[in-house]
Amino acid sequence: MSKTIQSALISVYYKDGLEPLVRLLHQNGVLLYSTGGTQTFIEQLGIPVTAVEDITGYPSIFGGRVKTLHPVVFGGILYRRNLAEDVAQASRHDINPIDLVVVDLYPFEETVASGASDEDIIEKIDIGGISLIRAAAKNYEDVLIVSSRGQYADVVSLLTEKEGTTELEDRRRFAKEAFAMTSSYDTAIHHYFAGSTASDDFRQLPAQSLRYGENPHQQATFYGDLNALFDQLNGKELSYNNLVDVDACVSLIDEFTDTTFAIIKHTNACGVATAPTAKEAYLNALACDPVSAFGGVIITNAKVDLETAEELNKLFMEILIAPEFDDDALKLLGSKKNRILLKRKPVEFSPKMFKTLLNGVLEQDKDNQTETASQFKTVTEKAPTEAEERALEFALKICKHTKSNTIVLANDGQLLASGVGQTSRVDALRQAIEKARTFGFELKGAVMASDAFFPFSDCVEIAGEAGISAVVQPGGSIRDKDSIDACNQRGMAMVTTGVRHFKH
């Protein structure tokens, strides 16, 4: 059911990003209503706007607590255009329709976080705004609700494409997002009054329905604000599996400060490399396992320039994540419409993580510890060289983010291969060796990292036969001496960290 927007109520706290939408509405001949600072903002653009108090006959009163709470406003939003009785009542009471409501809410959570007084916090509990959002969302059959500044660009694209009209599915989608937002807002207020600090309670986060879950027969929802994490520059909507891989990518890349590329497949790294340039880092990461890289998710901590983009463009990938793209690189990479391009924003994550299982939820601290050479304890007769120490540090970063049981083989700055998610550590090692050889890597002089201790000396013996020269592992087995002796017999260096990094 198509609806043409002829009138709009705009009353927002944040004005950034609002101008293109206002100008488009004016260009389409939409009658604008507004209040206070938003009205002034629109007038300064040279665009005509009607003050809400001119249609209600009441000024803003009680220090701004009451501005839009009036039958003329809510009637214009809520009356049902296809119900003759509602239409007659609207006419009888001189209530004009409002087809679009653009409203956001007072920054309650931000005010709480700022340490403001109780009085200031209470004044940031939005009444009129949340009522307008609920009213417009309830009457989505006739009204489009825009409840966040993060939606402005989407609405501009929608109204441009559809020449000022919306379809029922469009209005229902925005209504769904509006109710997710009001639910989150009210939950935050409840937590404040309850004295709760449960900021990790997913129910207070914005909800986004996904096409499906891990498999097509599973429904799925993401609770969180992706717009706070990324600007999506190209491509289709993120799926459940995409989000799981993106999370793995972000966690891994944050281990590195030098120019690095990582390629993820099913949450495990199939390629990681650090190099002086982005292009070199990408090509070295791709060389680790170009077969698994097909259809993978790629992340870098460096700007993607055209030279790097030309190499990336040769590979079919689901997602590319970077902190920045050169314009010509973005144009090239965006030429494939389904390729998802995400520009990452700096965001601090929660130190906690949660997992549902059985009839409850597990909570734990995130594994934010990564050991460096200064924390290594040499337990063999031979100590690792400086180059081997750097390689061991590099391998350990990857090992920490790989499914257990895992073994990682690497040199200084490049993953050579890994054995992931095996029920036996020996199997993980054999898998890693076989993959490294498949892609032409020489293991002589390479290093090995293990996420947990060696219960027997077999892994060290196999690694030594393959040419591995240095090993890092947590230590702590009652048979540590067997592995240490095996290293000494083969002239290998071994360091222990005292820290296990299981990842189930």
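This is a predicted model: local features need pLDDT of at least 70, side-chain atom pairs count only at pLDDT 80 or more; totals for chains, interfaces and linings use all residues.
Trainee: Which domains does the assignment give?

Mentor: It gives domain 1 (3–194), domain 2 (233–344) and domain 3 (373–496). The centres of domain 1 and domain 2, taken over C-alpha atoms, are 39 Å apart.

Trainee: Okay, down to single residues. Why is serine 457 called buried?

Mentor: Buried means under 20% relative accessible area. Serine 457 has 17%, so serine 457 is buried.

Trainee: Where does serine 457 lie, and what is it in contact with?

Mentor: Look in the loop between strand S21 (447–450) and helix H19 (458–466). Leaving aside neighbours within four places in sequence, serine 457 is in contact with Asp482, Ser483 and Ala486.

Trainee: Now helix H18. How do you know that its reach is close to what is expected?

Mentor: H18 covers residues 425–438, which is 14 residues. At 1.5 Å a residue you'd expect 20 Å, and from first C-alpha to last H18 reaches 20 Å.

Trainee: Which residues of H18 are buried, and what makes us say they line one face?

Mentor: The buried ones are Arg425, Val426, Ala428, Leu429, Ala432, Ile433 and Ala436. Seen down the axis of H18, these buried residues fall within an arc of 160°, so they line one face of the helix.

Trainee: What do the buried residues of H18 pack against, and what does the face turned away carry?

Mentor: They pack against strand S19 (407–411), strand S20 (414–419), S21 and H19. The face turned away from the buried side carries the exposed residues Glu434 and Thr438.

Trainee: What can I look for at the start of H18, and what follows the helix?

Mentor: At the start, a side-chain oxygen of serine 424 comes to within 3.2 Å of the backbone nitrogen of valine 426. After H18 comes glycine 440, with a positive phi near 80°.

Trainee: How about helix H9: what puts its buried residues on the same side?

Mentor: First, the residues: in H9 (residues 152–161), Tyr152, Val155, Leu158 and Leu159 are buried. They cover an arc of only 125° around the axis, which puts them on the same side of H9. On the other side, Ala153 and Glu161 are exposed. The cover over the buried residues of H9 includes helix H1 (19–27), strand S5 (100–103) and helix H10 (168–194).

Trainee: And which residues of helix H2 are buried?

Mentor: In H2 (residues 36–44), they are Thr38, Gln39, Phe41 and Ile42. Down the axis of H2 they fall within an arc of 160°, so they line one face of the helix. Just after H2, glycine 46 takes a positive phi of about 75°.

Trainee: Rings next! How many aromatic pairs does a search of the whole structure find?

Mentor: The search finds 8. One of them joins tyrosine 13 and tyrosine 14, 5.0 Å centre to centre with 75° between the planes.

Trainee: Why is the pair of tyrosine 13 and tyrosine 14 called edge-to-face?

Mentor: Planes over 60 degrees apart count as edge-to-face. This pair has 75°, and it is edge-to-face. Tyrosine 13, at 37% relative accessibility, counts as partly exposed, and tyrosine 14 counts as partly exposed at 22%.

Trainee: What makes the pair of phenylalanine 294 and phenylalanine 316 tilted?

Mentor: Their planes are at 45°, with ring centres 5.1 Å apart, so the pair is tilted. The two phenylalanines are 22 residues apart, and the pair links distant parts of the chain.

Trainee: How exposed are phenylalanine 294 and phenylalanine 316?

Mentor: Exposed means over 50%. Phenylalanine 294 has a relative accessible area of 51%, so phenylalanine 294 is exposed. Phenylalanine 316, at 44%, counts as partly exposed.

Trainee: Which residues do ring pairs link into a cluster?

Mentor: Those are Phe108, Tyr185, Tyr192 and Phe193.

Technical notes. Residues are numbered from 1 along each chain as its sequence is written. Side-chain values use heavy atoms; hydrogens and water are left out. Helices (H or I, at least four residues) and strands (E, at least two) are DSSP runs, numbered from the N terminus. Buried means under 20% relative accessible area, exposed over 50%, partly exposed in between (1.4 Å probe, protein chains only). Contact means heavy atoms within 4.5 Å. The expected span of a helix is 1.5 Å times one less than its number of residues. The arc is that of the directions from the helix axis to the C-beta atoms. A polar contact is a pair of N or O atoms within 3.5 Å; within protein, one must be able to donate a hydrogen and the other to accept it, and residues adjacent in sequence count only if both atoms are side-chain atoms. Domain bounds come from an automatic or database domain assignment. Rings of Phe, Tyr and Trp (its six-membered ring) pair if their centres lie within 6.5 Å; planes under 30 degrees apart count as stacked, over 60 as edge-to-face and the rest as tilted.
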